[in-house]
Amino acid sequence: MRYLWSIPAAVVAWFVGGFSATYLKGLPEGTTYFVPPRIDLVVLGGFAGGVLAGLLIGRIRIAVPVVLIVAAGMWWLTGNSFGERDLLITLLVASALGGFFGALGTRSSVAAAFALALPVAWTALRPAEQLAEWRWLWQLSGLLVGAGLAVLLYIACWKRGWRSVGSWIPLTGFYLACFGIVASVRLVSQSTGKPMDAVGDASTEAFFQSFEPLLREYWPWMVVGVLLAIPMVALKLRALPPPPPPQDPYADKSNDAVLSDDLDWIDQEEPRRRLLARRQPAS
């Protein structure tokens, strides 16, 4: 019965959370900045949608085939030809990996939080590229960075509660590293035709140089994100029903089943005693 609602919900989650291939037709050529044009939505969108679908389904052997079918079906429904093998294979691989990590997250949601860190980091800084002249740009980008961190910390504690708080420090570090990954990949995409050694050195330098402005500009928002995640987890745990009491192993057994074999005589019926006749005195 669980799969009657989880599979349709996973399809919707892949479509909404992963942006889906539907949006590829209506986007201009220059609006994306991952390696080739439009492949950012294919990689990160399919991956993020696969993670959400895997979290809802909870079984790897069911989640991976479902997201593969959904990804291929949406690719065909949007009018894309199966001849574009590179984008199609990228979408299928990203969705399958996302479904795998999402299904692993049903046991420990920390894995799902680490898997979602890169798509969240990519989404957090994307408005900054489109609204360079807006005066509230620092507030918007900082709000997205802090909200993304709060969501990741909340997902990490989804299954095990406060026992997963120890993962917040490495998760925050990986979240920061994802901003460097996005910056380095963006530089690689803009360095077509250059020598590989120069591109590699520039991408490595961009990776390490992205941390200083990020921490300098948005550290107050990240602190707010951590402070926001604490009541979110507390409210989530408070809303859960109390755990059921431990089951009594002798609940369906009678008291006789607990007694040892040496005490079986207690329940046995005593034999009827026969009184001997009074002995007559010989006189």
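User: Which residues of H10 are buried?

Analyst: Happy to start there. In this predicted model, H10 has Leu214, Tyr218, Met222, Gly225, Ala229, Val233 and Lys236 as buried residues. Buried here stands for a relative accessible area under 20%.

User: What makes H10 bent, and where?

Analyst: The axes fitted to the seven residues ending at a position and the seven starting there are compared. At tyrosine 218 the angle is about 70°. A proline, proline 220, follows within four residues.

User: Why is the contact of arginine 216 with glutamate 217 called a salt bridge?

Analyst: The cut-off is 4 Å between a side-chain nitrogen of Lys or Arg and a carboxyl oxygen of Asp or Glu. For arginine 216 and glutamate 217 the closest N and O atoms are 3.8 Å apart, so the pair qualifies under the 4 Å limit. A search of the whole structure finds 1 salt bridge.

User: What makes tyrosine 175 and phenylalanine 179 an aromatic pair, and of which kind?

Analyst: Ring centres have to lie within 6.5 Å, and planes over 60 degrees apart count as edge-to-face. Tyrosine 175 and phenylalanine 179 are 4.9 Å centre to centre with 75° between the planes, making the pair edge-to-face. Both residues are buried, and both lie in helix H8, 4 residues apart, about one turn of the helix. In general, an α-helix has 3.6 residues a turn, so residues three or four places apart point the same way. The whole structure holds 5 aromatic pairs. Elsewhere, Phe47, Phe100 and Phe101 form one aromatic cluster.

User: Which members of the largest nonpolar core touch the most others?

Analyst: Trp168, Tyr175 and Phe179 do, in a core of 31 residues. Helices H2, H5, H7, H8 and H10 each supply at least two of its residues, and H5 gives the most, with 8.

User: How do you know where this core lies relative to domain 1 and domain 2?

Analyst: Domain 1 (1–107) and domain 2 (109–240) both give residues to this core, so it lies between them. Apart from it lies another core of 15 residues, among them Trp14, Ala63, Trp75 and Ala103.

User: What does tryptophan 168 touch?

Analyst: Leaving out residues up to four places away in sequence, tryptophan 168 touches Leu153, Ala156, Cys157, Trp162, Val226, Ala229, Ile230 and Val233. Of these, Ala229 and Val233 are among the buried residues of H10.

How values were computed. Residues are numbered from 1 along each chain as its sequence is written. This is a predicted model: local features need pLDDT of at least 70, side-chain atom pairs count only at pLDDT 80 or more; totals for chains, interfaces and linings use all residues. Side-chain values use heavy atoms; hydrogens and water are left out. A nonpolar core is a set of buried Ala, Val, Leu, Ile, Met, Phe, Trp, Tyr and Cys residues joined through side-chain atoms within 4.5 Å. Buried means under 20% relative accessible area, exposed over 50%, partly exposed in between (1.4 Å probe, protein chains only). Domain bounds come from an automatic or database domain assignment. Contact means heavy atoms within 4.5 Å. Rings of Phe, Tyr and Trp (its six-membered ring) pair if their centres lie within 6.5 Å; planes under 30 degrees apart count as stacked, over 60 as edge-to-face and the rest as tilted.
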